[in-house]
Amino acid sequence: MESSNKVILKNLTHDELRDYIESIGEKKFRANQIFSWMYKNAITFDDMKNISGDLKRKLSEVADIGNIEQEACFESKIDGTKKYLFLLPDGNIIETVMMDYSDRVTVCISSQVGCRMGCDFCASTKEGLIRNLEPWEILDQILKVEKDIGKRVSNIVMMGSGEPLDNFENTKRFLKLVNEEEGLNIGYRHITLSTCGIVPKMYELADMQLPINLAISLHSPFDEKRKEIMPVAKSFKIEEIIKAAKYLISKTNRRVTFEYSLIKGVNDSKKEADEIAKLLKGMLCHVNIIPINKIEESNYEKPDKSFIYKFRDELESKGINATIRNSRGSDIGGACGQLRRKYKKNLI
Ligand code: SF4
């Protein structure tokens with residue numbers, strides 16, 4: 001919880017902050033004021049108006065609030081989606097996306113700088129994993145988006161760069177922080193965590209019994225084909241993933257989503273739809289079909305519209321609930337990780 005020997009206050013829950021403030025010889029109620037300023041996006045201790053000069057000086061010697069900085073922001077002319085590049089204290093850059101629907105504001109956050117999972121269609125993994133994000137760095141993406149748009153964020157999807165279950169300890173703490181009543185107070189039911197299927201961590205998550213939404217990247221119902229698309233499939237078979245998903249449903253009674261990136265000529269045939277239907281029969285789940293976003297580093301292409309609808313109808317006809325995800329912000333670097341890579345290469 002410390003960086004350069006200073007405690008990062010945004011890594012602490014409200015109770016932990018009270019204990020910390022007491023441990024440095026201050027009255028506990030000071031923690032309430034500090035906590036409230038942190039969630040009002042105070043950048044420095046000087047921004048905390050009702051804190052004495054002495055305490056500000058003391059705090060700046062031993063603690064940091066924990067702030068990431070907005071490096072760039074791109075707004076879609078098509079649907080108003082905003083994509084942010086945030087600068088971390090060590091100079092790394094991460095990508096965050098804000099989607100403003102009429103009834104909710106959803107933010108897609110990153111959990112790692114880069115990713116080591118190697119999914120073939122994904123720009124985030126092309127340079128491997130650079131490092132895990134700290135809990136406060138995951139949290140602060142939401143605070144900085146709120147500051148920029150002047151609105152509350154209602155929903156979170158952990159679908160940006162990184163595999164949240166590969167940074168599980170920090171993800172767990174982030175989930176606790178984001179749910180804090182006096183903080184962002186975002187309910188677990190409004191949080192979706194996406195995983196490529198790290199089975200042991202799925203069981204651990206299930207045992208936490210949080211009513212969050214789990215999205216599992218399937219991308220093929222056949223192990224051999226899945227291994228070609230996502231190397232993590234070499235470690236965990238589909239059968240094991242389905243078993244873990246069923247366990248999670250039994251613990252949380254929450255519907256699981258299977259993400260299916262639809263790739264022209266690779267996984268978009270009737271054979272695949274039939275097998276998915278067999279695999280998921282009777283499960284409390286739904287399939288989210290994501291027509292692939294083309295990235296420069298891969299030859300994969302989006303299927304024609306008629307194929308996309310046919311695939312959905314095929315699943316629906318076999319009793320599997322399926323939807324097609326609308327790609328938002330396609331004019332500002334649609335696929336995850338694309339914007340960051342282009343920015344780093346000075347292409348935008
Ligand atoms: S899709 Fe997700 S898990 Fe796969 S490489 Fe990209 S960021 Fe990592």
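## Burial and the cysteines

A residue is called buried when its relative accessible area is under 20%, exposed when that area is over 50%, and partly exposed in between. In this predicted model, C108 has a relative accessibility of 12% and therefore counts as buried. C119 likewise counts as buried, at 12% relative accessibility.

A disulfide is a covalent bond between the sulfur atoms of two cysteines. The structure holds zero disulfides.

Strand β10 comprises residues 155-158, and both of its faces are covered. N155 and V157 are buried on one side, while I156 and M158 are buried on the other.

Strand β7 (residues 105-108) runs parallel to β10 and is joined to β10 by three bridges; within this pairing, T106 stands opposite N155. Strand β11 (residues 191-195) also runs parallel to β10, again with three bridges, and here I156 stands opposite I191. Between β10 and β11 the chain passes through helix α5 (residues 168-178), forming a right-handed β-α-β crossover.

## Salt bridges

Side chains of opposite charge can pair when their charged atoms come close. The count in this structure comes to 26 salt bridges.

One of them joins R131 to D90, with the closest N and O atoms 2.6 Å apart. R131 lies in strand β9 (residues 129-132), whereas D90 lies in the loop between β5 (82-87) and β6 (93-100), so the pair ties together parts that are 41 residues apart in sequence. D90 is partly exposed, with a relative accessible area of 44%.

A salt bridge also forms between K172 and E169, at 3.2 Å from N to O. Because these two residues are three residues apart in helix α5, about one helical turn separates them. K172 is partly exposed at 23% relative accessibility, whereas E169 is exposed at 53%. Both belong to a network of salt bridges that links E169, K172, K201 and E204. A further salt bridge connects K28 with E22, whose closest N and O atoms are 3.9 Å apart. K28 is partly exposed at 37% relative accessible area, and E22 is partly exposed at 45%.

A polar atom of the D268 side chain lies 3.1 Å from the backbone nitrogen of G265.

Notes
Residues are numbered from 1 along each chain as its sequence is written. This is a predicted model: local features need pLDDT of at least 70, side-chain atom pairs count only at pLDDT 80 or more; totals for chains, interfaces and linings use all residues. Side-chain values use heavy atoms; hydrogens and water are left out. Buried means under 20% relative accessible area, exposed over 50%, partly exposed in between (1.4 Å probe, protein chains only). Helices (H or I, at least four residues) and strands (E, at least two) are DSSP runs, numbered from the N terminus. Two strands pair if DSSP finds at least two bridges between them. A crossover is right-handed if, with the strands pointing away from the viewer, the path from the first strand over the helix to the second runs clockwise. A disulfide is a pair of cysteine sulfur atoms within 2.5 Å. A polar contact is a pair of N or O atoms within 3.5 Å; within protein, one must be able to donate a hydrogen and the other to accept it, and residues adjacent in sequence count only if both atoms are side-chain atoms. A salt bridge is a side-chain nitrogen of Lys or Arg within 4 Å of a carboxyl oxygen of Asp or Glu.
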